[in-house]
Amino acid sequence: MALQYYGDLNSQPCRSVYIFLKKNNIPFEFKEVRLFMGEQYSEQFQKLNPLRKVPVIKDGDFVLSESVSILKYLAGKYQTPDHWYPGDLQRRARVNEYLDWQHSGLRPQASRVFLLKGMVPFISGSPGPSAGAMEAVEELTQSVEKFHQKFLQDKPYVAGADISLADLVAIVELMQPLGGGHDPLDGSAPLTAWRERVKKAIGRELFDEVHGPVLNTQQSLESISQKQPELLDAMKKMLFKGGK
């Protein structure tokens, strides 16, 4: 039985696993869990993952959640090229260093910008920048600078000359704010050059396919508002703790 992969490409961690599977020609069956529709709260999915989060893989009877754990598992089981998760102790430590930092150092900041600039204005019906959104952009700018100075530095990729899991996990996070109309790498020649290298290493067709949903967030919200207004109301309640 092929590996089963549960995810939603609107989610950054889900995109990293999807890209890794595709890029390494790992056979899998994609089971979409539509987060906007609350499918992660279904009874069936909760039996698979009581944490009600994606991504999740099911490899026979073995079920695994958390994107970083999944990526490391896949790299080991399928013996993917060494550059993804290097066997060299120090290069692997460099990858792990970034993966451990990004949970609190980059992901919350990028997600907040996407939420406040991409989701909240449409759902609340109050377009235009808010003080919270501007503050979130500033916090993300500081996080991006830390990523540059501490992790990427003047190297082609985080772990050196080749792309690794660190670059893969970083790029999906840094693409998320674009769904809200904000490019966190704009104005930085070294970081935009790094993004282009990562795109090329992944493959532009795959990269564009995977990021299509988040880059089309506004169109998706408009479609939901027209075809499923009750779903938009439910999203508002989740975002504003009771729809206020």
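Axes here are lines fitted to C-alpha atoms, for helices over the stretch in contact, and angles run from 0 to 180 degrees between N-to-C directions. The model is predicted.

**Figure 1. Helix α6 meets helix α8.** Helix α6 spans residues 131–152, and helix α8 spans residues 189–202. Their axes come within 11 Å of each other and cross at roughly 75°. Angles of 65 to 115 degrees count as roughly perpendicular, so α6 is roughly perpendicular to α8. On the α6 side, the contact is made by Val144, Phe147, His148 and Leu152. Pro190, Leu191 and Trp194 make it on the α8 side. By class, the contact of α6 with α8 has six nonpolar residues, one polar residue and no charged ones.

**Figure 2. Helix α7 packs on helix α8.** The axes of α7 and α8 lie 11 Å apart, at an angle of about 115°. The crossing of α7 past α8 is left-handed. From α7, the residues in contact are Asp167, Leu168, Ala170, Ile171, Leu174 and Met175. They meet Trp194, Arg195, Val198 and Ile202 of α8. This contact of α7 with α8 has eight nonpolar and two charged residues, with no polar ones. Trp194 of α8 takes part here, and Trp194 also belongs to the contact with α6.

**Figure 3. Helices α5 and α6 pack against each other.** Here the axes are 9 Å apart and the angle is about 155°. Angles over 145 degrees count as roughly antiparallel, and α5 and α6 are therefore roughly antiparallel to each other. Their crossing is left-handed. Gln109, Ala110, Arg112, Val113, Leu116 and Lys117 come from α5. Facing them in the contact, α6 brings Gly132, Ala133, Glu135, Ala136, Val137, Glu139, Leu140 and Ser143. The contact of α5 with α6 divides by class into seven nonpolar, three polar and four charged residues.

**Figure 4. The largest pocket and its lining.** The largest pocket holds about 1200 Å³ of space. It is lined by 35 residues, and those closest to its centre are Ser11, Gln12, Leu35, Gln40 and Arg107. Several helices each supply at least two lining residues: α1 (12–23), α3 (67–77), α4 (89–105), α5 (107–124), α7 (165–175) and α11 (229–240). Helix α5 gives the most, with six residues. By class, the lining has 17 nonpolar, twelve polar and six charged residues.

**Figure 5. A cis peptide bond at Pro55.** The bond from Val54 to Pro55 is cis, and its omega is near 10°. Pro55 sits in a loop. That loop runs between α2 (43–48) and β3 (56–59).

**Figure 6. Positive phi at Gln79.** Gln79 has a phi near 45°. The value is positive, in a residue other than glycine. Gln79 lies in the loop between α3 and α4.

Conventions: Residues numbered from 1 in each chain as written. Predicted model: local features only at pLDDT ≥ 70, side-chain atom pairs only at ≥ 80, totals over all residues. Heavy atoms only, no water. Helix = DSSP H or I, 4+ residues; strand = E, 2+ residues; numbered from the N terminus. Parallel < 35°, antiparallel > 145°, perpendicular 65-115°, else oblique. Contact = heavy atoms within 4.5 Å. Nonpolar A, V, L, I, M, F, W, Y, C, P; charged D, E, K, R; others polar. 1 Å grid on protein atoms, 1.4 Å probe; cavity = no way out; pocket = protein on both sides within 12 Å on 5 of 7 lines; lining within 4 Å. Points joined across faces, edges and corners; volume = space filled by probe spheres on them. Left-handed = near helix turned anticlockwise from the far one by under 90°.
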